Structures are given as C-alpha cells and as structure tokens.
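Subject: Structure handover and notes

Dear colleague,

I am passing on the structure below, together with notes on what came out of going through it. Please look at the structure first and then read on.

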Amino acid sequence: MEKPLFDLLSAGFSGPNLTYKRTVCADANPTITALVYDSRQCAPGALYFAWPGVHVHGNTYIPSAIEKGASAVIYQDDIPEETVALAEKAGCALIHVTDSRFVMAPVADAFYDSPSSKMVVIGVTGTEGKSTTVFFIWQLLRLLGKKAGFFSTVQCSYGDEATNNPEHQTTPEAPVVQQKLYQMLQNGCEYAVVESSSHGLSTKLNRLGNVQFDIGIMMNVTHEHLEFHGTHEQYKSDKANLFRALARYNHKKVIGSIERQVTSFGIVNGEDPSAQYFVDAVKGACPVYAYTTNGLAGAGAGKNGIALPELPAVHTLLAQAVDSREDTVSFSLSRQKCDGAAGDIRLSADTFFMLNMGGAFNVYNAMATLLAVSGATGTDIASLTAEVSRITPVKGRMTTVKKGQPFEVIVDYAHTPSSFNTIFPPIRKRCTGRMIVVFGSGGERDTAKRPEQGRIASEFCDIVILADEDPRGEDPVALLEDIAVGAEKNLVRGESLLIIPHRQDAIRKAFSLAGAGDIVLLLGKAHENSIIYKDFTMPYDEITEAETALAEIGFTN
C-alpha cells in the first residue's frame with residue numbers, strides 16, 4: 001500500500017475530536033508505505049506511532065525511528081527540541097496529536113481503504129467462549145460454501161485454512177487488525193469473524209475502532225481484566241462498544257462488486273445479567289436475539305445462588321434436553337417468539353443437534369453460531385444439523401488426551417472463576433472417581449480472581465495442584481499462594497492441596513495420583529505455546545507435555 005501522508009490525515013482525522021497540529025514537515029506530503037508502532041521496524045516510507053507504553057513512552061524511540069528512515073511520526077505529549085531538530089534535518093514529518101494510540105485506528109482504516117466496509121463483519125465478545133464461537137462461525141460459513149476469514153486468540157485464516165496464532169493476544173493493535181481484514185478482502189472473503197476482546201473494544205486502546213461491525217455477539221460478562229478496566233461496570237461498558245458500533249454504521253456495503261444493505265443484528269446470552277444492557281446499547285437501531293438453555297448446561301447466571309434474569313424482550317433460541325458426554329453434546333432447539341420484538345429467528349421446526357466434542361458449555365457457543373450464520377446468510381437453522389455435526393473444536397478447548405491410560409485427561413483454557421463454574425459441574429456429575437486439577441493464574445493481571453479460582457476448584461475437585469501459568473514479573477510461589485488462600489477451607493495442604501510451580505512436574509504429580517475412573521484437568525494454558533516468566537519465555541505445549549508425561553509412565557497408545 002502507498003498513501004500520501006495528508007490523505008491519511010484528512011481521512012483519519014475527520015471527527016470533531018481528532019484534530020492535529022503539524023509540528024514539522026520538511027516534505028510537503030511524504031508517501032507512506034507502512035504503519036509501524038515498534039521503532040525497530042521503521043524504514044523509509046514508515047509512519048511511526050509513538051504512544052505511552054507500560055514501562056517506556058514511545059516518544060523515547062522517535063530518534064531511533066528517524067535514524068531508521070521513518071518518513072513521518074505521529075506522537076503525543078512533549079518531545080525534546082533536539083528530537084525536533086533531528087526530524088528537520090532528516091526530512092521526517094512530525095505530527096502532534098492528543099492521543100496517538102487512539103488515532104492509529106482511523107489512520108489504519110484509511111491506509112487499507114476501509115476493508116470492513118466491503119465485507120460482512122461479525123464480532124464476538126465475552127469473558128469466555130469467544131475463540132470457540134469465532135471458530136464455529138467460520139467453519140459453518142465455509143461448510144455453507146461462503147468465503148470467510150477470522151482471527152482469534154488461538155488461530156486465524158485469511159480465506160484459506162486456519163493457522164495458529166503465536167501471540168498471547170486476542171485483539172492486536174489497530175494497524176494489524178486493519179491489515180488482517182485487508183488480507184481477507186484481497187483473498188476474496190465476503191465474511192470476516194473477529195474475536196473482540198474488552199481491550200480491543202476499549203476506546204483507551206481503540207484497537208477495533210473504525211471496524212464496521214454488522215453482527216455483534218455477547219457470550220457473557222463475568223469477572224476478568226479489572227486490572228485494566230478498573231471496575232466491572234467499565235469492563236461491561238467496553239464490551240458493549242461492539243453493540244454500539246452496530247448503531248454507528250449504515251451497513252451499506254460493496255461486497256464483491258455488488259452494493260447491498262447488510263442485515264445488522266445483535267445476539268446476547270439470555271442467561272447473563274448483562275443481557276438487557278447490551279440490548280439497550282444498540283438503541284433500537286437493529287434487532288437483538290437471545291439464546292438460552294434456562295441454565296440446563298450448567299453455564300450462565302444461575303450459579304452460586306444467583307437468580308437467572310428475566311429474558312429481554314427479544315426473540316429467543318432455546319436449547320433443551322442437553323446431554324453432555326465425554327466426546328459428544330446433544331440438544332434440541334426451539335424458538336420463543338416475543339410479540340412486538342423486531343426481526344425474527346429462522347427456525348422452521350424444533351430440531352435435534354449433536355456436536356462431536358465434549359463440554360456442555362459448547363451448547364451456548366453453538367446457539368450463538370447458529371443465530372449468527374442463519375441471520376447473515378438467510379438460512380433456516382433447522383437445515384443445518386448435518387453441518388453442525390461436522391464442526392470441530394478449538395485446540396485446547398475440552399481436548400481429551402488418550403494414550404491408553406485408565407483415567408481421563410482433559411486440556412482446557414478455563415482460567416477465570418466463571419469458566420471454572422461452567423466446566424466443573426458437568427464433569428463432576430459424570431465423574432465416577434476423583435477429579436484432579438492443575439492450574440495457575442496469570443501474573444500482572446487481575447489478582448482479585450485468584451482466591452475465587454481456588455475456592456471454586458476446591459468445591460468440585462478432590463485434589464488441586466497449583467502450577468505456573470504465566471507468572472510474568474511476579475514471584476511464582478507468591479502468586480500461587482494467592483490462589484491457595486481460597487482453597488484451604490476445603491482441602492488439606494500437602495495432601496489434597498499442592499503447590500508445584502514447575503508445570504511439567506505438576507502434571508507428572510497429577511498423573512501419579514490418578515487411577516481408574518479419575519479425571520485429570522489441565523487448565524489455563526491450552527493452545528498457548530509458552531510460559532512467560534520475568535526474565536525469559538519458556539517454549540511450552542500443554543497437550544504435548546501431557547502426552548510425554550503419559551509416555552513416561554508407559555501409556556503410548
């Protein structure tokens with residue numbers, strides 16, 4: 001891509017609050033060929049965005065960016081006079097703005113010719129279930145013959161087969177988001193499915209700013225990321241920006257070469273206390289649909305004595321007769337119409353579905369998927385039974401490891417109190433022996449959830465082994481002690497509650513304790529390919545580690 005700098009600025013700074021001051025511009029209008037927010041990636045033609053980081057302000061690296069040949073720099077706050085002099089000498093344009101991170105989104109959107117305006121864009125947000133639902137939607141669209149791309153915490157596709165995401169990041173920075181959408185468009189995609197994290201939707205980071213979402217899905221809003229958002233209300237509000245976006249765009253798009261008015265709608269988990277909040281966020285601009293099992297699958301707001309909310313005044317997709325087994329989940333779907341509600345759910349008859357994967361919570365992911373794909377393509381949900389049975393799970397989401405051992409081994413990404421409350425009850429119900437769990441918690445992240453993790457695990461599991469997840473800059477043992485505080489009421493230190501920081505050793509200990517009929521759960525790492533410590537990052541794969549540990553005790557089938 002090549003764009004004159006001030007073409008990007010005129011397009012990207014069109015809002016009333018997006019004014020800028022041209023500090024230095026030796027070249028009247030330099031040609032920009034790349035958008036960069038890491039000065040080490042700068043080269044001639046690069047536009048470098050300097051913004052405050054966690055530890056260092058990006059302005060510190062402006063001289064380095066200039067020396068590497070950057071054609072322009074967008075920055076905020078003050079810079080030294082010697083930096084200005086260096087830019088003048090090198091012929092590098094300096095653009096001073098109020099918030100350089102925020103403006104990356106409109107500038108990136110302009111640089112890549114607004115790719116989201118040329119595809120049907122489906123956003124999925126929630127504390128749990130985002131990656132799986134994104135993957136399900138992408139698969140179902142492809143099974144219907146649609147050209148689609150996606151990106152999530154786990155994988156991504158630009159229209160071809162899915163490849164693994166090597167980063168521990170759900171939503172990348174705005175230039176990467178727009179580049180991914182552009183790649184999908186160039187590969188002929190008509191649909192883009194975007195995992196939309198609360199960080200990505202927050203206007204503080206604005207990673208998903210200017211993405212023209214047509215369909216928004218809310219899976220749930222529980223306890224997570226308060227270290228960033230500050231309060232639960234702010235966390236909920238940031239997630240609801242996905243639904244507010246549905247009211248912001250007119251959804252008239254040129255897809256392929258055909259201009260069409262895309263049908264826009266929202267989808268909410270009717271069992272979540274925040275459901276009505278998200279319905280209200282669209283301000284009546286489009287229909288919103290709900291999905292529920294009335295708590296039958298063990299997820300939603302009905303846990304811990306919390307009463308399920310009354311469903312909002314919307315049409316609802318209802319799952320009943322939920323039957324969760326080790327490798328399958330079956331359920332029947334019907335619709336509940338609400339007089340006066342906008343839109344309609346395309347389900348011509350009550351229909352039985354089966355997913356070829358474990359996890360009762362996948363019923364929720366499947367319902368959200370069916371509503372999204374049906375609404376986006378005009379397909380009757382009842383006609384999708386065969387396609388749904390062909391959907392495969394995400395790596396590390398209720399993945400079973402079978403090597404001939406007499407006990408069950410499950411690898412899952414569950415790492416929050418709400419996800420523990422979701423996965424433990426149905427597993428406990430079918431477990432004929434003991435439940436043994438290995439997990440930890442992320443360092444430099446929300447600390448309030450740690451004792452809750454311990455409490456919930458101790459209520460359902462017979463043995464809890466606490467191990468490293470991503471300690472980052474924290475002391476690993478001190479971090480795990482935070483979790484242990486919540487488990488000590490129900491378990492005995494040194495017997496049923498163990499702290500073994502080295503995760504490989506923790507897994508081996510769990511397997512050594514397991515016998516026939518037991519279920520061992522390895523939680524929190526799943527698809528991730530490393531464990532992050534203060535001074536180094538250790539390559540790591542949970543499934544491979546489990547297989548290796550089983551082989552060491554003689555199970556290789």
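This is a predicted model: local features need pLDDT of at least 70, side-chain atom pairs count only at pLDDT 80 or more; totals for chains, interfaces and linings use all residues.

Residues are numbered from 1 along each chain as its sequence is written, and side-chain values use heavy atoms, with hydrogens and water left out.

Helix α4 spans residues 104-111 and is mostly covered, since eight of its eight residues are buried, where buried means under 20% relative accessible area, exposed over 50%, and partly exposed in between, with a 1.4 Å probe and protein chains only. Among these buried residues are M104, P106, D109 and F111.

A321, which is not a glycine, also has a positive phi, of about 50 degrees; A321 lies in strand β18 (residues 316-324) and is exposed, with a relative accessible area of 56%. R472, again a residue other than glycine, has a positive phi near 55 degrees, and its place is in the loop between β24 (463-466) and α15 (476-487). R472 is buried, with a relative accessible area of 15%.

**Cavities**

The structure holds two cavities of 30 Å³ or more. A cavity here is a set of points, on a 1 Å grid over the protein atoms alone, where a 1.4 Å probe fits but cannot get out, and lining residues have an atom within 4 Å of a point; grid points are joined across faces, edges and corners, and a volume is the space filled by probe spheres set on the points.

The largest cavity contains about 60 Å³ of space, and its lining is made up of S324, R325, G359, A360, F361, M398, I423, P426, I427 and R430. Helix α13 (residues 417-430) gives the largest share of that lining, four residues. By class, the lining of the largest cavity has six nonpolar, two polar and two charged residues, where Ala, Val, Leu, Ile, Met, Phe, Trp, Tyr, Cys and Pro count as nonpolar, Asp, Glu, Lys and Arg as charged, and the others, Gly among them, as polar.

The second largest cavity has a volume of about 30 Å³, and S441, A467, D468, E469, P471, P476, L479 and L480 line it. Five nonpolar, one polar and two charged residues make up the lining of the second largest cavity.

**Aromatic rings**

The count comes to 16 aromatic pairs, with rings of Phe, Tyr and Trp (its six-membered ring) taken as paired if their centres lie within 6.5 Å, and with planes under 30 degrees apart called stacked, over 60 edge-to-face and the rest tilted. One of these is the tilted pair of W138 and F150, at 4.8 Å centre to centre and 45 degrees between the planes. Because W138 lies in helix α5 (residues 130-143) and F150 in strand β9 (residues 148-151), the pair ties together parts that are 12 residues apart in sequence. Both W138 and F150 are buried.

The ring centres of F243 and F278 are 5.3 Å apart with their planes at 85 degrees, so this pair is edge-to-face. It links distant parts of the chain, with F243 in helix α9 (residues 232-248) and F278 in helix α10 (residues 275-281), 35 residues apart. F243 is buried at 0% relative accessibility, and F278 is buried with a relative accessible area of 0%. Elsewhere, F420, F424, F439 and F460 are linked by ring pairs into a cluster.

Charges also sit over rings, which requires NZ of Lys or CZ of Arg within 6 Å of the ring centre and within 35 degrees of the ring normal. The charged end of R101 sits over the ring of W51, 3.8 Å from its centre, and K236 lies over the face of Y277, at 4.4 Å from the ring centre.

**Cysteines**

A search of the whole structure finds zero disulfides, a disulfide being a pair of cysteine sulfur atoms within 2.5 Å. The closest cysteine sulfur to that of C42 is in C92, 8.4 Å away and too far for a bond.

With best regards

Conventions. On a 1 Å grid over the protein atoms alone, a cavity is a set of points where a 1.4 Å probe fits but cannot get out, and a pocket is an open set with protein on both sides within 12 Å along at least five of seven lines; lining residues have an atom within 4 Å of a point. Helices (H or I, at least four residues) and strands (E, at least two) are DSSP runs, numbered from the N terminus.
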